[in-house]
Amino acid sequence: MKTLQRIALVLTIIGALNWGLIGFFDFNLVTALFGDTNSIISRIIYSIIAIAGIINIGLFFED
């Protein structure tokens, strides 16, 4: 489980960096690399990042 949480943490950090790019520079890295936000690949990327964020909720309950 520890490995899964580390991978999820890395993906969450990547997602946070993307949101930072959107907020500061109005640049969406996912759409720049994989096409429009409605493309299937972009939706898969967003879904993976969301799942990673949900997995990281478990970090709140660790010692």
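The patch, of about 1000 Å², is formed by Phe24, Phe25, Phe27, Leu29, Leu33, Phe34, Ile40, Ile41, Ile44 and Ile48. Patches are built from residues with over 30% relative accessible area and no salt bridge, with like charges joined within 9 Å and nonpolar side chains (Val, Leu, Ile, Met, Phe, Trp, Tyr) within 5 Å. A salt bridge is a side-chain nitrogen of Lys or Arg within 4 Å of a carboxyl oxygen of Asp or Glu. Helix 1 (2-25), helix 2 (29-34) and helix 3 (40-55) each provide at least two residues of the patch. Ile48, in helix 3, counts as partly exposed because its relative accessibility is 39%; the class lies between buried (under 20% relative accessible area) and exposed (over 50%), with a 1.4 Å probe and protein chains only.

The model is predicted; local features need pLDDT of at least 70, side-chain atom pairs count only at pLDDT 80 or more, and totals for chains, interfaces and linings use all residues. Residues are numbered from 1 along each chain as its sequence is written, and side-chain values use heavy atoms, with hydrogens and water left out. The predictor's confidence in each residue, pLDDT, runs from 0 to 100. Its mean for the chain is 91, and 100% of the residues reach 70 or more. Among the elements, helix 1 has the highest mean pLDDT (94) and helix 2 the lowest (92).

The chain contains 3 helices and 0 strands, in the order α-α-α along the sequence. Helices (H or I, at least four residues) and strands (E, at least two) are DSSP runs, numbered from the N terminus. The C-alpha atoms fill a box of roughly 40 × 25 × 15 Å along the principal axes. Of the 63 residues, 14% are buried. The accessible surface comes to about 4900 Å², and carbon and sulfur atoms account for 73% of this area. Accessible areas come from the Shrake-Rupley method with a 1.4 Å probe; for residues, only the protein chains shown count as cover. Among contacts (heavy atoms within 4.5 Å) between residues at least 6 apart in sequence, 49% join residues at least 24 apart.

The 24 residues of helix 1 should span 34 Å at 1.5 Å a residue, and the end C-alpha atoms of helix 1 are 34 Å apart, which agrees. The expected span is 1.5 Å times one less than the number of residues. Gln5, Ala8, Gly15 and Asn18 are buried in helix 1, and the buried residues of this helix pack against helix 2 and helix 3. Helix 1 is followed by Asp26, which lies in the loop between helix 1 and helix 2. Although Asp26 is not a glycine, its phi is positive, at about 55°. Asp26 counts as exposed because its relative accessible area is 71%.

Two further residues of helix 3 were examined, Ser42 and Gly53. Ser42 is classed as buried because its relative accessibility is 0%. Leaving aside residues up to four places away in sequence, Ser42 touches Val30, Phe34, Gly35, Asp36 and Thr37. Gly53 is partly exposed, with a relative accessible area of 29%. Gly53 and Leu33 are separated by 20 residues in sequence and by 21 Å in space, C-alpha to C-alpha.
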